[in-house]
Amino acid sequence: MNNNFFNALTIVEKELIEELYEHHLKGEELSTKLINKIIGVQQKDTLTQNKSRSDYFIKINQKYKLATQQEEPLIIKERDTEDKRQYNYSIHPNYIQNIENLLKD
């Protein structure tokens, strides 16, 4: 995978990807609470938290798409099956190997 993608990421964006990958290895989903903590909005109002999370994942996906020319986003979000108000975030299954290789370098 293109190292330019990883170099273009901010420290917080890298940390989000690393956490998503670590949770994938454990078969877990990354909680919204942990995402908010990573991006530093855990003390903010819900609207600010939602917007910040969305902005971070949009930026990561844009950088990934630009660097790799892939159509599918790197980070996908799905509605929680138990609480439809919540989203769960994960790395697209097609790109797990790419991220693994990137994190090993």
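Biologist: Which residues form one aromatic cluster?

Modeller: Phe5, Tyr64 and Tyr95 form that cluster, where rings of Phe, Tyr and Trp (its six-membered ring) pair if their centres lie within 6.5 Å, and planes under 30 degrees apart count as stacked, over 60 as edge-to-face and the rest as tilted. Bear in mind that this is a predicted model, in which local features need pLDDT of at least 70 and side-chain atom pairs count only at pLDDT 80 or more, while totals for chains, interfaces and linings use all residues. Residues are numbered from 1 along each chain as its sequence is written, and side-chain values use heavy atoms, with hydrogens and water left out.

Biologist: How many aromatic pairs does that rule give?

Modeller: The count comes to 3 aromatic pairs. The rings of Tyr64 and Tyr95 have centres 4.9 Å apart and planes at 50°, so this pair is tilted.

Biologist: And are Tyr64 and Tyr95 buried or exposed?

Modeller: Tyr64 is buried, with a relative accessible area of 1%, and Tyr95 is also buried at 3%, where buried means under 20% relative accessible area, exposed over 50% and partly exposed in between (1.4 Å probe, protein chains only).

Biologist: Switching topic, which lysines lie over a ring face?

Modeller: Lys14 lies over the face of Phe6, at 5.0 Å from the ring centre, and Lys59 over that of Tyr56, at 5.9 Å; the rule asks for NZ of Lys or CZ of Arg within 6 Å of the ring centre and within 35 degrees of the ring normal.
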